[in-house]
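Subject: Structure handover

Hello,

Here is the structure I promised to pass on. Please open it and keep it beside this email while you read.

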Amino acid sequence: MIKNYIFEFFISMVPLIELRGAIPYSQVAGLPLFQSYIVAIIGNMLPVPIIYLFARRVLEWGADKAVIGKFFTWCLNKGKKGGEKLEAKAGRGLFVALLLFVGIPLPGTGAWTGTLAASLLDFDFKSSVIAVMGGVLLAGIIMGLASVGVLGALNSIIF
């Protein structure tokens, strides 16, 4: 059982998969939902300060390198475009927009992308981490409900 928790923890740290894949995995593995939720949250949040503090510098450093330049440039452009879109739609409500961007479990959103976008927008560290944490908590609740079938049951009752 501990092996499944460790595997879930590492799944939740993977970019683009994050807890959106870790929580459904935990339910397939037969782990209790609440404990799985906590493990996925911790795993998903662990890279956030590192991403905020170092990802931008590493991407800017590698953007002009021969082998990695195209990928690093792509990452920078994706982060900047996402951040600019977020800022344009949010205006002064950037905190809430970042929280929702991270919290709505759609492809291309999540803690990694949200944190990188916040870093590229020069959004302050404390606000970024709090907004991303709120989004991760929200995404975890949504994925937990979806994984145990609550959303599917509601869908069948309503429609």
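Below is what was found, from the overall fold down to single residues.

This is a predicted model, where local features need pLDDT of at least 70, side-chain atom pairs count only at pLDDT 80 or more, and totals for chains, interfaces and linings use all residues. Residues are numbered from 1 along each chain as its sequence is written, and side-chain values use heavy atoms, with hydrogens and water left out.

Overall fold. The protein has nine helices and zero strands. Helices (H or I, at least four residues) and strands (E, at least two) are DSSP runs, numbered from the N terminus. The radius of gyration (taken over C-alpha atoms) is 17 Å, close to the 15 Å from the globule rule (2.2 Å times the number of residues to the power 0.38) for 159 residues, so the protein is as compact as a globular protein of that length. Along the principal axes, the C-alpha atoms fill a box of roughly 50 × 35 × 30 Å. Of the 159 residues, 38% are buried. Buried means under 20% relative accessible area, exposed means over 50%, and partly exposed is in between (1.4 Å probe, protein chains only).

Salt bridges. A salt bridge is a side-chain nitrogen of Lys or Arg within 4 Å of a carboxyl oxygen of Asp or Glu. The count comes to four. One of them joins R20 and E18, at 3.8 Å from N to O. Both R20 and E18 are buried.

Now look at R56. It pairs with E60, with the closest N and O atoms 3.3 Å apart. Both sit in helix α4 (residues 48-62), four residues apart, or about one turn of the helix. R56 is partly exposed at 24%, and E60 is partly exposed at 41%. R56 also bridges to D122, with the closest N and O atoms 2.6 Å apart. That pair links distant parts of the chain, 66 residues apart: D122 is in the loop between α7 (111-120) and α8 (125-148). Shared partners join R56, E60 and D122 into one network.

Surface charge. Which residues gather in a patch of positive charge on the surface? They are K78, K81, K85 and K89. Patches use residues with over 30% relative accessible area and no salt bridge, and like charges are joined within 9 Å. K81 lies in helix α5 (residues 69-90). K81 counts as exposed because its relative accessibility is 57%. A88 is in helix α5 too, and is exposed at 67%.

Best wishes

Technical notes:
Patches are made of residues with over 30% relative accessible area and no salt bridge: like charges are joined within 9 Å, nonpolar side chains (Val, Leu, Ile, Met, Phe, Trp, Tyr) within 5 Å. Accessible areas come from the Shrake-Rupley method with a 1.4 Å probe; for residues, only the protein chains shown count as cover. Lys and Arg count as positive and Asp and Glu as negative; His and the chain ends are not counted. The place of a charge is taken as NZ of Lys, CZ of Arg, CG of Asp or CD of Glu.
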